[in-house]
Amino acid sequence: MTQPQPPRHAAMLSISNGGSSLAAAADKQQPPQHLHTQSQSSQGLRVPSNRKTIYDRHLNRSRNAELSRASFAFLFAEMVTYAQRRVTGIQDLEKRLNEQGYPLGLRLLDLLFYRTMSSSTSSSLSSSSTSSSPPNRPLRILPLLHLIHGPLWRLLFNRPADALEHSVSPETPNEYMITDNDPLVNTYISVPKEMNMLNCAAFVAGIIEGVCDGCGFEAKVTAHNQPTEMWPGRTIFLLRFGESVMEREKVLERAGVK
Amino acid sequence: MSYYFTVLSPTDVPLFNIAFGTSKSGGDGIARFRFPDTAQYMNQFIIHSSLDVVEEAQWMNGNMYLKHIDTYPPASAYISAFLTPSGARFLLLHQPPQLPTNASSATTGSSSLLGSSFSGSAGSSSRASASSVAANPTSPQTEEAVRQFMTEVYENYVKTVMSPFYRQGMEIKSSVFRSKVTAAGRKWL
Amino acid sequence: MTSPGDAAPVKPPPSFSPGVPRVASKTRYPNQRRDSSPSLDADLGDSRLRSSPTPPLSATTSDLPIRSASPRPQSFRSSTPQLARSSLGSPVEGRFEGSEEIRSLIIRSFSPVVGVCASADTDELVRQKGFAGGFWELIRPFGENIPGKIVIRDSVGASRGWEDFGVRFVDLAGKTPTPNDSSAGRSSSLAQVEDVLDKQLGSTDDPLGGSLRPKDFLSFPTTSPLYKVFLRQLLSISSATPHETFRHPVASIIAISSRNTAPLETLRQLYADTNNGNKKVPDWVHPEYLRYYVLVHDEDRDDIAESTKLYDQMKRHFGLHCHLLRLRSNQCVVTDDDSAQVPECEWQSPAERLSGRIEPLVDLDTNGLLYLFESDVMAIKAFVRELVAQSVIPYMENRVAVWNDQVASRRRGISGRFMSMSRRWAGFGSGSRSSLTAGGASGNYDLSHGYYKADTPEAVLRKMADFAFMLRDWKLSASTYELLRSDYANDKAWRYHAGAYEMCAVSMLLNPSAIGTKMKLDGVDQMFDTACYSYLTRCSDAPNALRCLTLAMELLKSRGGSAVESAARWAMRAMDLGLVGPIGQGLFSERVSACYAARAPVSGMKWGSRHRKAGMWSVFAADAWLRLGKPSLASASLEEAERLYADVLDADGSFPMPEMQTFIDNLRHAVKVEYLEARGLDTRDETTTAEALGTEETSEKLDRRRNRKSLIANPLDLGGLGPAQGPRDNDNAANDDFERA
């Protein structure tokens, strides 16, 4: 890895040859919101004169860095355009967006835990970490949802999600809803009338799905438009957990696992 | 003490393997397992069989570091496990040396030599706890040392995972990663 | 394989069903195959990068991984007869039965011993019938399983019926291999066990493919018949020793025949012989035991009226413990109308097995087998039943009650504790003296000879505990052994000490109501550990150490749940200590596998089982068998391994770890080659079956891969860009520039 690094960094301008650098990773993987990417991406363009690899850089270095909203919006727009090529319909498009988000969710999960862990040990400034002790992997649905609703949303959008609800219908006890009143990804997107069912937050749904799946909770996550007077862009993320998850819930409930 | 460290994907595919010996107490960092060289598959068998216990502990214990979870008595191989939130498992097989003379032949001189040849990050405090690491694979000191090791590997693992050219379930081939793990092993184990 | 076990009706005693909580078995029962239910985790388990569906080698070998969840075509089974051991019939049923069956076998191995002491004329009469060993040999097989239910009352007065009760007849005259062989013989008895197994394996070239296999299939699919031979042999090693009284006679039959000219005098003489003649028991055996008088009437030659008269006389002289046994003196041959084959002896010591006096492996058409008239069989059965039900059992119940009252309760009470305390303190002062003079103030242990005299409280208590144990009153026996442990330790009577610990633990495990909480199981483990240490290190008694470890393993295994882990540990310990020979290593590896396989997954979940461990040990067993040059056994083990691994591996049965895969591929190949060599190359047609199965597996795999999208259809999964995409983009074909995932 060390050998090919310097030329790549030197030549880098586009995503495709980002090497193994976190900077490039962040470029592509963490587009939503003004994240920590800005400083990094500029660094990624510099030639690492000291031959330092990504492994020598601290992961928390960019935790409070922010990304320009414009560049994110541009990037995301590109992604939507890219996904739209040769799709058969709205559903297909949403599926593709979802699939783009999914691996991001898996990665964010590890990063999120790493940051919580290191912040708890180094007790740095951070406002985002909720727990001070080493974080636990979510074993039950509720802790998982709280993880998504709180820390994950804060990592992505700098604020928690707006609501977390459980389906009231007895037929669908496996359905949960996370509401975002104004999803950042949709801020600069106006969907044409003929595609009014489309919600580009399907990308975020994919992230959520990746997080759930990574934690071992099989789930299908979809994004739905639910505009209100006050929040025309209000989006509901519907999480449907698989049967095996529900069954495990019962077993863990009996075993007293929280 | 000899170590065999494996990173397994959530689907039990090995992503990374390394065997090394202790560098503490005069160890030379070379693994000497109790099996003959022709039977090195034993490490994988033992690791694989401990997944039974990992799977069970995984849902009973929300910690990332699950401590010592399994033992294979015939070879006195001890398994410690660390789970990443995204489902990868770090399994460390540690096996005390067969001959107690190996461990007791430790001279502080050689260990300091190793310490100096290695980048100075291996603090002197870790060396103090390390002598007991070799002695007893289930002592609290060992648990702590393994936890430190796992945490350090986790950090490097996260960096690997962040690469856009890495997919979950892919073998980790980076030589930098390997040297980082080796360094962590030298530092803590 | 000999079928001594199969000859006797060995089914789990129905009396187990009511009242006895079969918790362990029950929890394991319904969930055996739950893994097949669709779950996310199973799906996760499927999506992996390995693309080659089946390793090329396994496709050509017949022992393809068999997914236990998938319905198995019967034709496949029948086409590979030599590989099929574990999976015919319901495996769940079989496992359940197997554990009860082993339990029953262990219980029956501790049966009361009844001595046989027959007059010369009786033996002569029986010899005429073809039994060279005399009266003892005639009735011996009939004692091992008493027909019908035997009702036993325990110490609190509750009675319980047992279907599988039996007694062991021994020849008091010493013609039995009642081992005078002391130390030298004992150490080699394990070697004898190994020899028996070897003989067993050698006797048929394919012990599994032989005539026994179908029988084995129907009754206990998961316990190999060879292992049961081993277990039976191991439990038959022990002869009368001072430290335990299971082999001490509980009763003795004194038999004369109607030919005797001076019947009453002969009976008296025989009685006297058992008291102080050549049949006198050693010092450490309690001299008081039941005498049972039998008059054997010759139906073919003597007058029944005479015999009845004599019998009445006997009853007047000797009381109620008498029986009139009417036998024909003519020899019976197969061709006789009402001939019945004499059942084989289930419990023969290894030495007997090796001497081959009874050759159980001969084919049915040879003349080595003995026959009896149906009427004789009926008469002997009735006699044995009456002996046991009306004399032996009541006698033992009575003794337990008396000793419990006179000796044990005194020890249990305050004064008893005080006594033992003071005794202990006195021991400090007189320690040196006690080592010189037996029966000193500090203890009754005879250090120079290494035993307690039969009338000392320690010996009586042990006998009482053993009686209770044989009467299956495990609660009482456990508490009594517990009482004794410290006494023996104080006296440094290490073999006694080990025995008390061992049997205390065994009693606790056998006692169905003492359900093992974690704490209790730890205690049991501790006891086995102590017992094993005492046997092995302090007494160098390898056979007993192995018995102790084997009992520990089997009984813990039958408990199920978390106990199976300790069970496996004890089996590993036995292998580690080198107590078993090469064949034993193979058997124990299989056993460890069976222990782990008995661990049931958490209901509805995929975790909690130990299939990987079980599979691993089956592979080791296969390796061990192959090294012994037993490819058929190796192949059976390998198949078992594949069955076990099927739940945790991908549908194509390939191992995620490359070195494991290589090892198993090589093993498969070696087994195949050796097997074909041993058998000639007539099994080619299996290949087609295997291939048919292979395609079925593959198709199943495809529709199981769903989740974890990031892992499938991954264009980058070879670490490079582009080239990997070609062969696998079945659903991406339309948009090659679209990066899926």
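The following legends describe close-up views of a predicted model.

**Figure 1. Overall confidence of the predicted model.** The model scores ipTM 0.81 and pTM 0.75. Chain A has an average pLDDT of 76, and 74% of the residues score at least 70. In chain A, the pLDDT is below 50 over residues 1-47, a stretch that has 108 contacts in the model beyond near neighbours in sequence. The pLDDT is also below 50 over residues 122-132 of chain A, where the model has twelve contacts beyond near neighbours in sequence. For chain C the average pLDDT is 71, with 67% of the residues scoring at least 70. Residues 357-366 of chain C have a pLDDT below 50 and eleven contacts beyond near neighbours in sequence. Over residues 683-741 of chain C the pLDDT stays under 50, and the model has 93 contacts beyond four places in sequence for this stretch. Where pLDDT is low, the predicted coordinates should not be read in detail.

**Figure 2. The secondary structure of chain B.** Chain B contains six helices and five strands. Along the sequence, these elements of chain B follow the pattern β-β-α-β-β-β-α-α-α-α-α. Of the 189 residues in chain B, 54% are buried. Contacts in chain B between residues at least 6 apart in sequence include 60% that join residues at least 24 apart.

Figure 3. Strand β5(B) spans residues 89-95, and seven of its seven residues are buried, so the strand is largely enclosed by the rest of the structure. In a regular strand the side chains alternate between the two faces of the sheet. Both faces of β5(B) are covered: one side carries the buried residues B:Arg89, B:Leu91, B:Leu93 and B:Gln95, while the other carries B:Phe90, B:Leu92 and B:His94, also buried. Strand β1 of chain B, residues 2-8, runs antiparallel to β5(B) and is joined to it by seven bridges. Within this pairing, B:Ser2 has B:Gln95 as its bridge partner. Strand β4 of chain B, residues 77-83, also runs antiparallel to β5(B), with six bridges between them. Here the bridge partner of B:Ser80 is B:Leu92. Five residues lie between β4(B) and β5(B), which form a hairpin, and B:Gly87 in the turn has a positive phi of about 100°.

**Figure 4. The contact between chain A and chain B.** Chain B contributes 27 residues to the contact, and chain A contributes 31 residues. On the side of chain B that touches chain A, the elements giving two or more residues are α1 (41-60), α5 (140-162) and α6 (175-188). Helix α5(B) provides the largest share of this side, seven residues. By residue type, the side of chain B that touches chain A divides into 13 nonpolar, ten polar and four charged residues.

**Figure 5. Strand β5 of chain C between its parallel partners.** Strand β5(C) covers residues 249-257; nine of its nine residues are buried, so it is largely enclosed by the rest of the structure. Strand β1 of chain C, residues 113-118, pairs with β5(C) in the parallel sense over six bridges. In this pairing, C:Val114 stands opposite C:Ala251 of β5(C). Strands β5(C) and β6(C) also run parallel and are joined by seven bridges. Between these two strands, C:Ile253 stands opposite C:Tyr292 of β6(C).

Figure 6. Helix α13(C), residues 304-318, has 15 residues and reaches 20 Å from its first C-alpha to its last, close to the 21 Å expected at 1.5 Å a residue. Three residues of this helix, C:Ser307, C:Tyr311 and C:Met314, are buried. They cover an arc of only 60° around the axis, which puts them on the same side of α13(C). An α-helix has 3.6 residues a turn, so residues three or four places apart point the same way. The face of α13(C) turned away from the buried side carries the exposed residues C:Ala305, C:Glu306, C:Lys309, C:Asp312 and C:Arg316. The cover over the buried residues of α13(C) includes strands β6 (290-298) and β7 (322-327) of chain C. Just after the helix, C:Gly319 takes a positive phi of about 85°.

How values were computed: Residues are numbered from 1 along each chain as its sequence is written. Chains are lettered from A and ligands numbered from 1 in the order in which they are written. This is a predicted model: local features need pLDDT of at least 70, side-chain atom pairs count only at pLDDT 80 or more; totals for chains, interfaces and linings use all residues. A residue is buried if 20 or more other C-beta atoms lie within 10 Å of its own, exposed if 12 or fewer, and partly exposed in between; C-beta atoms are placed from the backbone. Helices (H or I, at least four residues) and strands (E, at least two) are DSSP runs, numbered from the N terminus. Two strands pair if DSSP finds at least two bridges between them. pLDDT is the predictor's confidence in each residue, from 0 to 100. Two residues are in contact if their C-beta atoms, placed from the backbone, lie within 7 Å. Ala, Val, Leu, Ile, Met, Phe, Trp, Tyr, Cys and Pro count as nonpolar, Asp, Glu, Lys and Arg as charged, and the others, Gly among them, as polar. The expected span of a helix is 1.5 Å times one less than its number of residues. The arc is that of the directions from the helix axis to the C-beta atoms.
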